[in-house]
Amino acid sequence: ALIFAGFYIMAMFAGGLIDGLGKSPFSLTPKGILTNAFFVFSLLFWTEYSRSYLINYLAKERVSITLGFISLIFTFVSLPLNKLFTTKIGLELVQYWGEQVLPTLAENVMISYLAYLGGPIPALLYHGGLECYRWFCPVLPNLGWITKTFLGTVVPILSLILVQQFYLAEAHELKNEKESSFGWILTS
C-alpha cells in the first residue's frame, strides 16, 4: 500500500514538474502541523475502519458490486456538496468531474480494494500516505485540470490492477480466477 501511495505521489509530482509547482496552502508552523495532523489522522482512522467494516461485512458474494457501491458512497461523502450542485453545465462541469469526482472515485476504489484484501491497515497506509503528502508537503504540484484528471484517475486504477495481480499470484489463484473480469471492469 505504501509503495503504491509513493508511486501515486511521484506521478503527481512529475506532473507538477511539467505543469508547475506551488506552495502548500496549509499551515506548516508547528501549531498548524499539530492541528492538521490531529484532524487528518482522526478522520482517516475512523473513515478507514468504517470502510473496512462495511466492505468486509457486506462483501460475501458480490465483491465487485459491493466495492463499487462503497466507493461511490465514500466518494459522494468526501466531495463538497455545494460545488456538486452549483456547477454550471458545460466546461465547468467537465472540469469539476475531471479534477474532483473521477480522481476521488478512483482513489476510493483503490482504497476500498485494499480494505477488502487486508482490512483497515493497508487502506490507512495508502490513504494516509496520500493525505500526509497533501497536507504536510511544503511544495505541491499545481496541475492543470487535464493532467489532474489523467493522473488522478489512471494511476489509482493501474495500482488497483497491479495489487489484484500481486494478490492473485500470491494466493495462487491467477489461473483459477473465480470472479469474472466483467465485475472488475465495471467497478473500475
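This is a predicted model: local features need pLDDT of at least 70, side-chain atom pairs count only at pLDDT 80 or more; totals for chains, interfaces and linings use all residues.
Along the principal axes, the C-alpha atoms occupy a box of roughly 50 × 40 × 30 Å. Of the 188 residues, 40% are buried, and among contacts with a separation of 6 or more, 80% are between residues 24 or more positions apart. The accessible surface amounts to about 11100 Å², with 71% of it belonging to carbon and sulfur atoms.

Side chains of opposite charge can pair when their charged atoms come close, and a search of the whole structure finds three salt bridges.

One of them joins E48 to R51, with the closest N and O atoms 2.8 Å apart; these residues are three positions apart in helix 2 (residues 30-58), and therefore about one helical turn separates them. E48 is buried at 0% relative accessible area, and R51 is likewise buried at 1%.

Another salt bridge connects E107 and R134 at 2.3 Å, N to O, and this pair links distant parts of the chain, since E107 belongs to helix 5 (residues 91-118) and R134 to helix 6 (residues 120-136), 27 residues apart. E107 is buried at 9% relative accessible area, whereas R134 is partly exposed at 26%. R134 also forms a salt bridge with E131, their closest N and O atoms being 2.7 Å apart, and through shared partners E107, E131 and R134 are joined into one network.

Technical notes
Residues are numbered from 1 along each chain as its sequence is written. Side-chain values use heavy atoms; hydrogens and water are left out. Buried means under 20% relative accessible area, exposed over 50%, partly exposed in between (1.4 Å probe, protein chains only). Contact means heavy atoms within 4.5 Å. Accessible areas come from the Shrake-Rupley method with a 1.4 Å probe; for residues, only the protein chains shown count as cover. A salt bridge is a side-chain nitrogen of Lys or Arg within 4 Å of a carboxyl oxygen of Asp or Glu. Helices (H or I, at least four residues) and strands (E, at least two) are DSSP runs, numbered from the N terminus.
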